[in-house]
Amino acid sequence: MPHKIICTLAFLFTYHLGFSQSVLEETFFRSGKINVVVAVILVILVGLFFYLFRLNKKIDQLKK
Amino acid sequence: MQKHWALFLWMLKLDFKSQQTIMGVLVFGLSSIYAAYLLNGEIQDGTFLLSYWSIAALFAGVHSIQKDQFNAHNGSGSLYYQLTSPRMFATVKSIYNGLFLSVLFLFQWFMLLFYFGNDWTEIPNAFTLFLAICLIGMAMGISLSFVSGIAQKTNQPGGITAILSFAVLIPVLYAAVALMKKEALADPGQQAQWGWLLIIMMNLLPFGLSNLLYPYLWRD
Amino acid sequence: MMKNWWKFLAVILLTYVTLFSLLTPLVPGGLSVDINEIRKGNNTITFTGYNTHFLEDQSTLRGFISIGTQWIEGKILHVSDDAKFQFEVTLPDTLPSTQVAFYAYTPKDGAVYVSSAVGFNDIAIDETKKLPEIQTNIDKEEHQHWGFPFQPILFETIRNLMFHVPMWFTMFFLMGISLVASFKVLNGKWDKDIVAVASAKVGLVFCVLGLITGSIWARFTWGTWWTRDPQLNGAMIVFIVYAAYVLLRNSIEDEQKRARLSAVFNIFAFILMILLLMVMPRMVDTSLHPGKSGNPAFSKYDLDSSLRTVFYPAVVGWAMLGYWIYTIQKKFELLKQDNHAA
């Protein structure tokens, strides 16, 4: 089972590389590149939330 | 000052007495350059050779610091820690390591010229090239002494030396390649002022900080 | 309640920043022209603008080509929508310069332009050539819109200024706290070690966020995820050095020894950070970053201060958020220490 997942992922990844350039550019160059801003904000939000949730979990564990 | 000099000579004697360590480092320096020649023959690409030189220098540097830790383990140095002040020991040790690596890097540089010829070089000023190599050696020696001073007091000195030395040596290598590109290849696209600044700072900063640190370290 | 007033202020500031950095429109600008070669005689040019009002101001719309410092006016053929129109320019066989830009002018949008490299067909260059003088009155950059400046290549991503850049300010702020605490540790105040490690860890988080957001921004403006920009490499080295600081701490058991050793390494890291991120990029002229190596800073474009009114609150707001997270991290470090001691 893990092999299958790895193979699928590897396939998807390499498949993705082939035309990823054009897809990426099409997505992010649309309407004045506004999606770049969206991506940046999402990265910051997800990053900070992930960090804070992990911290919270660790604090809870220590309190027990 | 006299005491400093005596300590310096004692370190030199210690290294020459245990011939295997100094020979080990020299053979290491030689074979690291020779390996590139053996594998790839007559390379004339200056950028590649400089990168290779700096990586070989990095390995030789780390190797020579491991030699240091061996000596410290053998206990041959512990007597001296008591006789001299830790600050003085830190100063002399850093300078000794720096000079040792400068000589080693010059040796490696001449080995590079010996095997690959000098058609790929274009040296605008031999003195500044010499100065650059010496400063790179000094910076690497001093920062590695700083790092191994810290690492010896941790639970896993080997692992921490590896991690910290990468953190400290990456700026040195970054400056080194820029300086060498300017001084050995006369690369017009390369700016070197920041390289000089960085390499000088990488000399002064760990030097000052290890002076600050060693008195604490040898308190126990 | 009163004790936590700054947390409310941080939330208010960041809400303001997020809203205004996303809602403020971009001022009108020129996006592209469909021509890459001009020739003697008639040239038909389709001009594409961004946030412009060509259709609305159809009656006052004018199209120009600027050649060096001189102008040639074109005849408007067809306005298809607010962002696109066609005009025709008749060029002589000799022009005074190779520097060509395409302008569209309406009183409301002001002058918007596209300057792209064009080829010349059948046209000679003579620098002494004088073109017939025309009344353009478009050398003014005036327009009646309030918004973020329109920059070629950047377009809407200029808004990232409020998100990417404050990450680094926050990192500097937190590392500064860490540095002060480290000095206190070396003066014998052991308990400050907690402050040093907590702020350095949170600073490292902001460093990572700054690296990732910068990489994304670079991909769609400079064209690669990573370049040999001194600012980028400096930031990466700073990340490695501070990560080494955290790793170093994890491998020393004795508390006092850990505090001292890591304090010294922290001072090293901070000075290196100042050197790599503040001093060096200014000494190199290959940096792509605005404000570095002779590139114009964003303040140059910010004629009506629209960027400033959002950017300064953004810096303060993000720094406050960083401080807030740092207080949580400090709580965690204290708990960990107590658990260890118990």
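Select the sheet in chain C: four strands, ordered S5-S4-S9-S10, form an open, antiparallel sheet. This is a predicted model, in which local features need pLDDT of at least 70, side-chain atom pairs count only at pLDDT 80 or more, and totals for chains, interfaces and linings use all residues. Residues are numbered from 1 along each chain as its sequence is written, with chains lettered from A and ligands numbered from 1 in the order in which they are written. Strands (E, at least two residues) and helices (H or I, at least four) are DSSP runs numbered from the N terminus; strands pair if DSSP finds at least two bridges between them.

Now select S9, residues 100–106 of chain C. Five bridges tie S9 to the antiparallel S10(C). Pick Tyr103(C): opposite stands Tyr113(C), in S10(C).

Next, show chains B and C together. Their contact takes 25 residues from chain B and 24 residues from chain C (contact: C-beta atoms, placed from the backbone, within 7 Å). On the chain B side, helices H7 (157–184) and H8 (193–217) each give two or more residues. H8(B) supplies the largest share, 11 residues.

Finish on chain A. Select its two helices; there are zero strands.

Note on methods
Two residues are in contact if their C-beta atoms, placed from the backbone, lie within 7 Å.
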